[in-house]
Every structure is written in C-alpha cells, then in structure tokens.
Amino acid sequence: MTQQLSTGRWLVPTLLGSVAALGASALYTAAMTRRAERQTPPIGAFITVDGVRLHYLERGQGEPLVLIHGNGTLIQDFLVSGIVDDLAKRHRVIIIDRPGYGYSDRPRGLWTPRAHATLFQKALQQLGVTQAVVLGHSWGALVAVALALQAPRLVRSLVLASGYYYPTLRADVILASPVAIPGIGDLMRYTVSPLAGRFMLAAMIKGLFAPAAIPERFERTFPKAMMLRPLQLRASAEDAAMMTPVTVELQRHYRDLKLPVVIITGGDDQIADVDRQSRRLHHDLPGSELVVVPGMGHMIHHLAPEQVIAAVERASEQIRPAA
C-alpha cells in the first residue's frame, strides 16, 4: 500500500505534466502554422480533381512543361531555383503542389506515385494539356515515371532529376514511419514533430545540398516554415515510408518507357546514390541520356540550374520513337 501511494504521488503529476506539455506543443504548432501560411499565402490557382483540391501555378506560354517537386518541398522549390523564369520564356510551365504539400489537400489513402500520376493526369486534362514534357525531382521523379507509364500519349519526354528508382535500405524510411502511422503519427505531428523538426531542419537541408553549399537565394527566400506544418509532415512521412515498396513495383516497368528520357544528377548526391539509382536506370533504359554534374548534391536544380534547363530543352527537342 505504501509503495502504491508513493507511486501515485509522482505518477499523477507526471501524467498531468505530459498532458500540459503536449497541449502547449499543440498550441505552439497551431500558431506557427498560421504564421507560416500568413507569410507564404497561395501564389497560384486551385483546381479540384476527384474531390482533391490542388494548388498549382502557371508561367509562360509555349509547349507545356510540368514540374513535379520532391519530398518535403512545394511549388516554391522550383521558383526559388530560378529555372522557372528561364523555362517560361519558351514553355507553358505548370507546377502543382503534390497532395499534402503547399496548399494541396491530401485525403487519407495510399498515395503511391501511381495515385499521384492519376490525379496529375486528370488535372492536366482539365487544364487543356494534351502533351507535355515532364520533369520530376527526387520523389517527384517516381511520379513522373508513373505518369509516363500510365499516360504515354500525354508525356512526350521525361527529365528525371536526382531520382530514387530502385529499392535500397534507407534510414530515413525507418525514421519517418512513426509519423506516417494514423493515430500516433497524428499526435506526433501536431505536437512534438514540428518542434523536433525545427531543431533538425538546418542539418537536413544542409544534407540535401552537400557537399555543395546551400545557395544564398534558397537560404533567404525558401519558405522553410511551410515544411513543418502538420499536414505537410504527414505527407512527407507517408511518402518517405512508401519509397522502398513503390520502387519494387515500378522497377518492373522501366523498360516499358518508350520515350526520350534525360537523367540528371549531382555526382556527389548524398541522398540518392548515383551508381545504384541514376546510372542503373540509364543502363536499364537504352537510348536514355545521363548527365552527372561533378561535385553537386541532391538539389541539382538549385546547384546546376543551367544544366537542368539544357536537359529540359534537349528532352523537348527529341522526337519520340515510333511505337
């Protein structure tokens, strides 16, 4: 009895303190989310596809060019890189916030690259796009590949930047998994995950660019606080957790890609191993072009924008082989 009373003396205050800490974290997260969205309001238009509200941006006129961003980012990733300003001189550039990122919705469900591709295909049809060059960066490269496989008449050529195409063991998949689990993940992303993210964000971004330095323009203008909102944390965690399983399925179909493909990557990418990913895909896609930029990391569109722009133009000029 004495032991039970002693335990009760510290257990109740501990539980109350934990609840209070979680409550304070939730209030802080809500305030930071509102602040991030005030500082970075929507910059494009909205379209609803299969009940999912998507935020998208268009720039320029000419042949349609669709840009698909990677995990954790949003439309501004391409805008801050500077490639959109140049490409919009010759293309109708369309950038869509993937589901759960920026200002796009993300209903509960299995958001595989193929699910993204189906949504993008219908969105582009609503926007009057019948054929386009498609560039996907990182996780977005998987969406670009899925889109080309599912809608071969829509995608006339591909540019795949810093992509992850083949299953490998990844620590980030393991670390992201708890936040992707309904229930416990929801509790984490509204309380402790945004706080932990603020401490880890600088190191994470440094790793994306390493071994190159983070460009001053990115450091100054990219809306980093948008990455730490609960919905975007869920989207990022779910996408990270899906990386290995989805590549197991997709890799069986890479040889079905019968269109011009330009693969571009940083030679020292520390996120997606060049030999295991980009070089292997180049080997599995006869006729593809591989561009490896020495000394550059994962964020190739920021670190080597001229080479990425040139890759898009070469992909745009290539003639699709006859079926």
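First, the ground rules. This is a predicted model, so to speak of local features takes pLDDT of at least 70 and side-chain atom pairs count only at pLDDT 80 or more, while totals for chains, interfaces and linings use all residues. Residues are numbered from 1 along each chain as its sequence is written, and side-chain values use heavy atoms, leaving out hydrogens and water.

Of its 323 residues, 53% are buried (under 20% relative accessible area with a 1.4 Å probe, protein chains only; exposed is over 50%, partly exposed in between).

Next, select 192–209. That's helix α8, with 18 residues. Look for a bend of about 50° at Met 200 (the angle between axes fitted to the seven residues ending there and the seven starting there). Its buried residues include Gly 197, Leu 201 and Ile 205.

Now pick Tyr 166 and Tyr 254. Their rings pair edge-to-face, 5.5 Å centre to centre with 85° between the planes (pairing of Phe, Tyr or Trp six-membered rings needs centres within 6.5 Å; under 30 degrees is stacked, over 60 edge-to-face, the rest tilted). Tyr 166 sits in the loop between β6 and α6 and Tyr 254 in the loop between α10 and β7, so the pair ties together parts 88 residues apart in sequence.

Last stop: Phe 218 and Phe 222, a stacked pair at 4.6 Å centre to centre and 10° between the planes. Both are buried.

Technical notes: Helices (H or I, at least four residues) and strands (E, at least two) are DSSP runs, numbered from the N terminus. The expected span of a helix is 1.5 Å times one less than its number of residues.
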